[in-house]
Amino acid sequence: MGTKKSSELRAANEEITSASGEMQISNEALESAQEELQTVNEELQSRMAAANELGDDLTNLIDSVNLPTVVVGPDLRVRRLTPSALRMLNLRSTDVGRLIDDLRLSLSVDRLAPLLLEVMEQWAAQDVEVT
């Protein structure tokens, strides 16, 4: 009986040793993955800092231009407004994010949304009379 117990203990010890080895391998793999994630995170933070700096530069440029400028995205939502656009076009800073057709501009432009879509599609300026 003693040998049977000893044999069972050896088998259990081998299983524990094997499981411990597998856990160590898994732990090393997790540490490696964590290091990779940390590297990727640092790279993303660096890119975010660069993007924020470019965004600040763009904001400063747009704010310094004395032309009323409304920047819209492909979905025709307002992305940026210059201070002169706020004054001259009767806009508010809260209009950022709104659809261009939902704005009450201080001027009238026929077919503004289709005109903007055409300009974006053709990458060409359009001359339009406004009232």
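Asp95 is buried, with a relative accessible area of 3%, where buried means under 20% relative accessible area, exposed over 50% and partly exposed in between, with a 1.4 Å probe and protein chains only. The model is predicted, so that local features need pLDDT of at least 70 and side-chain atom pairs count only at pLDDT 80 or more, whereas totals for chains, interfaces and linings use all residues. Residues are numbered from 1 along each chain as its sequence is written, and side-chain values use heavy atoms, with hydrogens and water left out.

View 1. When residues up to four places away in sequence are not counted, Asp95 touches Val78, Leu81 and Leu103, a contact being heavy atoms within 4.5 Å.

**View 2. The salt-bridge network of Arg92, Asp95 and Arg98.** Side chains of opposite charge can pair when their charged atoms come close. A salt bridge is taken here as a side-chain nitrogen of Lys or Arg within 4 Å of a carboxyl oxygen of Asp or Glu. Arg92 counts as exposed, at 52% relative accessibility, while Arg98 counts as partly exposed, at 29%.

**View 3. The salt bridge between Arg77 and Asp75.** In this view the side chains of Arg77 and Asp75 meet in a salt bridge of 3.9 Å, N to O. Asp75 is partly exposed, with a relative accessible area of 43%, and Arg77 also counts as partly exposed, at 36% relative accessibility. A search of the whole structure finds 4 salt bridges.

**View 4. The buried face of helix H3.** Within helix H3, which spans residues 112–122, the residues Leu112, Ala113 and Leu115 are buried. Seen down the axis of H3, these buried residues fall within an arc of 160°, so they line one face of the helix; the arc is that of the directions from the helix axis to the C-beta atoms. Just after H3, Trp123 takes a positive phi of about 55°.

Note on methods. Helices (H or I, at least four residues) and strands (E, at least two) are DSSP runs, numbered from the N terminus.
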